[in-house]
Amino acid sequence: MRHARRTARRITRLAAVGGLLCGSLLVTHAIASEPGASGPPVPVGERLVTQLGTARTAGSWLGADGRTVVAVTDAGAAADVRRAGARAEVVRHSMRDLRSAAATLRAAPRVAGTAWAMDYGSNEVVVRADSTVSAADWSRLADVAKAIGASVRMERTRGTFTTRVDGASPIFASGGRCSAGFDVTDGSDAFLLTAGHCGPVGTTWFARPGDATALGTTVSGTFPGNDFSLVRYDDGVPHAESDVVAIGGGRGVRITGATDPVVGQRVFRSGSTTGLHSGRVTALNATVNYPEGTVTGLIQTTVCAEPGDSGGPLFADGLALGLTSGGNGNCDAGGTTFFQPVGAAMTALDVRLAGASGDDGSGAGTGSGQARPGGDGSAPSTPPAGSEAGAPGGGGTGTGVGTGTGVGTGTGPGTNMGGAAETGDGTGTSTDTGPVAAISRVVNTRSVGPGLLVIGGSLIALVAVRSLRSSRLSRRGRGAWS
């Protein structure tokens, strides 16, 4: 009998020790696998292109069904892509070939009114020339393309490639009008991120024509080459909620981070002239030869834009993507619009999104948020009550966000400048503080819970076994000495 009890205690102790080990493994796995612990996940297409290399791939995009498609140059790479759950498309030209073609085009004499980008779907570098390109220039460029080979396709396009700025309202400077992009901060001062072609360093911006008080001054930027600039607000104070992009009709979208788009993704643009419009990303790293100079590394889209929309935000799924640079066409006939990637701009300027979740640094730069592959195609959502942003360029009223024509000026210093990103005091969601919130930001307590329960149960079992043993020894001792 005594031997049986001793055996039972041993089994219980072993089970408890095993439970402690299993519980510890569960907790460790929950912490290690918590999303965001090592940065946002890399899209499957980008990951496969990186793994297989530029000689065996030629880009990736989202198909019409939302599934990732990867262009590959051999059957082995196609098999790897399919095993990863993506769709493979075997093509003739590798990414190395396409990049070489683009480099040759860049080295050729510059022709204003032309643009080119890698079209992953057609496996070509597509060169477009607008109506301002002469027959002689077209012929010279066609000779360059012919020398490169079949990886380049030439086509004419309607309209002209221009930057989207003109000489009428709603963020005013002597050189014209633009739209706001995103509010950013360097940790101490408040800034507006907008297009670089809107005005050089030293440009003073006003909310309305004839205003005596300036809204802010351009303190940094670059154009051509890139197309972004930084406007320091004259009050210089970062606002508590600077993460609302106005989309018209008194509605707005909260921006929670920044990332790079993917080809095929549905995106949205808001601007002070034409309001909210959507389209698809058709190419990345596009080059445009504006009359003022060449800009590279742009996002090419089917979203329309018109003069005055320059600098306005490109976004999707609550994530900042870019700043309106220029394009051709209009919002009646359609056209092509190019955007400066916002992550690259913030990195170059050493700033981060203000008021969004990135205000602790997590929202700064490329990859701080992760676009859902393909997006769901849904329209932007309306923020909670009390945080509506004014309609683009329309003087919408927002509770605590600001009121005015194109520029928020409500209870806090407005920053809309043409209806892109308004801010003010009194909007937003609360931020948890204290040890519980700190822990929850590091680990997912719901994932850790099962492991903690196993550990707790094992500890209780060990204590119970030890208590029983101590009790028996105590009773035995009293029997010997009484």
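Trainee: What do the buried residues of α2 pack against?

Mentor: They pack against β1 (57-62), β2 (68-72) and α3 (75-83). Keep in mind that this is a predicted model, so "pack" describes heavy atoms within 4.5 Å in the predicted coordinates.

Trainee: Which residues of helix α2 are called buried?

Mentor: In α2, which spans residues 44-52, the buried ones are G45, L48, V49 and L52. Buried means under 20% relative accessible area.

Trainee: How do you know that they sit on the same side of α2?

Mentor: Look at the arc. They cover only 100 degrees around the axis, which puts them on the same side of α2. There's a general idea behind that: an α-helix has 3.6 residues a turn, so residues three or four places apart point the same way.

Trainee: And what lies on the other side of α2?

Mentor: T50 and Q51, which are exposed there. Just after α2 comes G53, with a positive phi of about 95 degrees.

Trainee: What makes β1, β2 and β3 a sheet, and in what order do they come?

Mentor: The order is β1-β2-β3, in an open sheet of three strands with mixed pairing. Two strands count as paired if there are at least two bridges between them. β2 and β3 are joined by four bridges and run parallel, so they pass that cut-off of at least two. In one of those spots, A71 has E89 in β3 as its bridge partner.

Trainee: Why are β1 and β3 called edge strands?

Mentor: β1 and β3 (87-90) each pair on one side only, and that makes them the edges. From one strand to the next, the twist averages 20 degrees.

Trainee: Where does α3 go relative to that sheet?

Mentor: α3 packs on the sheet and touches β2 and β3, and its direction makes about 165 degrees with that of β3.

Trainee: On to the disulfides. How many are there in the whole structure?

Mentor: Two. One joins C178 to C198, with S to S at 1.9 Å. The cut-off is sulfur atoms within 2.5 Å, so that pair qualifies.

Trainee: Where in the chain do C178 and C198 lie?

Mentor: C178 is in strand β9 (residues 176-178), while C198 is in the loop between β11 (190-194) and β12 (204-205). The pair links distant parts of the chain, 20 residues apart. With -100 degrees about the S-S bond, this link is left-handed.

Trainee: Are C178 and C198 buried or exposed?

Mentor: C178 has 0% relative accessibility, so it counts as buried. C198 has 5%, so C198 counts as buried too.

Trainee: What makes C304 and C331 a disulfide?

Mentor: The S to S distance is 2.1 Å, and the cut-off is within 2.5 Å, so this pair qualifies. C304 is in the loop between β20 and β21 (313-316), and C331 is in the loop between β22 and β23, 27 residues apart.

Trainee: Why is the disulfide of C304 and C331 called right-handed?

Mentor: Because the torsion about its S-S bond is about 95 degrees.

Trainee: And how are C304 and C331 classed by accessibility?

Mentor: C304 is at 9%, so it counts as buried. C331 is at 22%, so C331 counts as partly exposed. Number the bonded cysteines in sequence order and the pairing reads 1-2, 3-4.

Trainee: What makes you say β23 is mostly covered?

Mentor: Five of its five residues are buried. β23 also pairs with β20 (residues 293-301) in the antiparallel sense, over three bridges, and there T301 stands opposite T337. β22 (residues 319-327) is joined to β23 by five bridges, again antiparallel, with F338 as the bridge partner of G326.

Trainee: Last one: how confident is the predictor in the chain?

Mentor: The mean pLDDT is 74, and 61% of residues reach 70 or more. Over residues 477-482, pLDDT stays under 50 and the model has zero contacts beyond four places in sequence. Where pLDDT is low, the predicted coordinates should not be read in detail.

Note on methods
Residues numbered from 1 in each chain as written. Predicted model: local features only at pLDDT ≥ 70, side-chain atom pairs only at ≥ 80, totals over all residues. Heavy atoms only, no water. pLDDT = per-residue confidence, 0-100. Buried < 20%, exposed > 50% of the residue type's maximum accessible area, 1.4 Å probe, protein only. Helix = DSSP H or I, 4+ residues; strand = E, 2+ residues; numbered from the N terminus. Arc of directions from axis to C-beta. Axes fitted to C-alpha atoms, helices over the stretch in contact; angles between N-to-C directions.
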